[in-house]
Amino acid sequence: MAVFAGLPDRYNAAVDILDSALEAGLGAKVAVRTASGDTTYNEVAELANRWGNALAALGVEQEDRVLVALLDTVEFPATFFGAIKAGAVPIPVNTNLTADDYAYYLADSRAKVVIVSEPLLPVMLEAAKGQGHLKHVIADAEWRRLVEQADPELTPADTGRDDMCFWLYTSGTTGRPKAAVHLQHDMRFCIDCYAKPILNMTADDVTFSVAKLYFAYGLGNALFFPFAMGATTVLNAAPPTPPTVIEHVRRFRPTIYYGVPTSYAALLAAEPEVWAGADFSSVRVCVSAGEPLSGSLLERWKARTGVDILDGIGSTECAHIFITNRLDDIRPDCSGRVVEGYGAKVVDDQGVEVPDGEVGNLMVSGDSICAFYWNQHERTKAAIKGEWIDTGDKYTRDSGGYFRYQGRSDDMLKVSGIWVSPVEVEAAINSHPAVLESAVVGVLDENRLVRPEAHVVLQPGSQPAVELEEELRGYLRERLAHHKCPREFHFVDSLPKTATGKIQRYLLREAGAAKPVTA
């Protein structure tokens, strides 16, 4: 595509994204800020070079995989870029998993080396038992020793723009995760299509992402976007609790803040004392992805902080956001328009585009789409059709080119013969002042007919009661067609979610109908 007109055939993403900052004279600038201190571009680049040489000394060769189970510390960018520069393939993975999960990743990827933060070491050592391909498990202290002993100068591997660069495992909402294989040019495509024209990011920006670096969304937010632009990234190794997030924003004064709907809701629900020292005055834009952002949440956030949220949709397979709102065009309950450089269409089950306003399957094209799923030939064929990938999401598109999320393909409900979007019903429920968030699923009644039911998390201070259920029912009848209104409401403390904040509606369906609410 035109965005890659200047990319050479021989290309290494780490040289482009990390080393270019040094060539631009930004070596002495702070690249990473953490609670432990600041690290300059020169220092990150040297750590990356040393790590790349250390990998070679460990016997890691080009295209060998390196599993990265690191918290959000300065070691992460050094490890990630160092591996890529050396020609190895880093695989960031969730740092909140079990030994069984990590054993699956190690076996599936055939990683030769795993680098792990010290708190995760016992679980990783358990996962490493019996792994035939794994040669080295390296924790923080050993990593530092290897880096200190390695050469600070690294000759980049002779990679091409279409060579393997990094893998990202999908969140696995309904089964074992799949490894999306990304190529050397994918990060540059996201930078040129989203970071520059959508966020207007420059070297003056300071970014802070609630989404961690092991997510595709967080990896762009807090790593390859700021590094490519010569900006500064704020990393937080701790869980993103409301007090921690608000303190980081107050202390480090980011200009771009990235969250997910779950984190925005949690912040808004935090106790008043948590907000006592809050200061979002440095933030010029907030971004949301991972799950659709309800219009009511957007409005409450703007009222509390004075900052708009750009809602968008991305995926692990596409590396980052491909449909988004714009700074001058924010529409509640809408994913926005296609990011230039990508294509999007809404099709029926036969692959034929549906008319504007009709619900269909969202297909996306663009040069950051993964090449394939590792060791998943049939699932690759099912998802990737030529230049297009089936996102698994149901959407509508209007005549103005605006896309609105309707739900995952397996979450849609057919009530009285009519398709119902759980997201539309949830948005209406969430607009009630007593509601924090909700999830709507279909349950079979005694006649084997689908009926929508709502699982509702209330705002702090609101109490579940029969009277509130009746109030919600009347509230929704004024806003939704009769067949869309939930037949029952179940008040719950929390909703089951993936690590990326996506609601796992299938767990609610599997659990069956909950007991009726009592006063």
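Analyst: Let us begin with pairing. Two strands are said to pair if DSSP finds at least two bridges between them. In this model, which is predicted, β11 and β12 run parallel and are joined by 4 bridges. Within that pairing, Y257 stands opposite C286 in β12.

User: Which strand does β11 join by 3 bridges, and in which sense, parallel or antiparallel?

Analyst: That strand is β9, and β9 and β11 run parallel. Here F208 stands opposite Y257 in β11.

User: How is the order of strands in the sheet read, and what is the order here?

Analyst: An open sheet of 9 strands has the order β2-β1-β10-β9-β11-β12-β13-β14-β15, with mixed pairing. At its edges stand β2 (37–40) and β15 (337–338); each has a single partner strand, so one side of each is left without a neighbour in the sheet. The pairing of β15 with strand β14 (residues 321–324) is antiparallel and covers 2 bridges. In that pairing T324 stands opposite R337 in β15.

User: On the faces of β11, which residues are buried?

Analyst: A residue counts as buried when its relative accessible area is under 20%. In β11, I256 and Y258 lie on one side, Y257 and G259 on the other; all are buried, and both faces of the strand are covered.

User: Which strands does helix α8 lie across?

Analyst: Helix α8 (residues 216–229) lies across β1 (30–34), β9 (206–209), β10 (232–234), β11 (256–259), β12 (285–288) and β14. Relative to β9, the helix runs at about 165 degrees.

User: What is the order of the open sheet of 3 strands?

Analyst: The order is β24-β25-β26, and the pairing is mixed. The edge strands are β24 and β26, each with a single partner strand, so one side of each has no neighbour in the sheet. With direction ignored, neighbouring strands of this sheet are turned by 25 degrees against each other on average.

User: How many bridges are found in each pairing of β25?

Analyst: Strand β24 (residues 435–444) pairs with β25 in the antiparallel sense over 9 bridges. Along this pairing, V435 has L458 in β25 as its bridge partner, and A439 stands opposite H455 in β25. Strand β26 (residues 488–491) runs parallel to β25 and is joined to it by 4 bridges. H455 has H490 in β26 as its bridge partner.

User: How many aromatic pairs does a search of the whole structure find?

Analyst: A pair of aromatic rings is described by the distance of the centres and the angle of the planes. The search finds 26 aromatic pairs. For Y104 and Y105, the ring centres are 5.9 Å apart and the planes are at 55 degrees, so the pair is tilted. Y104 counts as buried at 18% relative accessibility, and Y105 counts as buried at 7%. Ring pairs also link Y41, F76, F80, F81, F166 and F227 into a cluster.

User: Which charged residues lie over rings?

Analyst: Here the position of a charged end is read against a ring. K345 lies over the face of W388, at 4.3 Å from the ring centre. The charged end of R479 sits over the ring of Y475, with 3.5 Å to the ring centre.

User: Which residues is A428 in contact with, leaving aside its neighbours within four places in sequence?

Analyst: With those neighbours set aside, A428 is in contact with Y475, L476 and L480. A428 belongs to helix α14 (residues 422–430) and is buried, with a relative accessible area of 10%. A428 and A179 are 249 residues apart along the chain, and their C-alpha atoms are separated by 36 Å.

How values were computed. Residues numbered from 1 in each chain as written. Predicted model: local features only at pLDDT ≥ 70, side-chain atom pairs only at ≥ 80, totals over all residues. Heavy atoms only, no water. Phe/Tyr/Trp six-rings, centres within 6.5 Å; stacked < 30°, edge-to-face > 60°. Buried < 20%, exposed > 50% of the residue type's maximum accessible area, 1.4 Å probe, protein only. Lys NZ or Arg CZ within 6 Å of the ring centre and 35° of its normal. Contact = heavy atoms within 4.5 Å. Axes fitted to C-alpha atoms, helices over the stretch in contact; angles between N-to-C directions.
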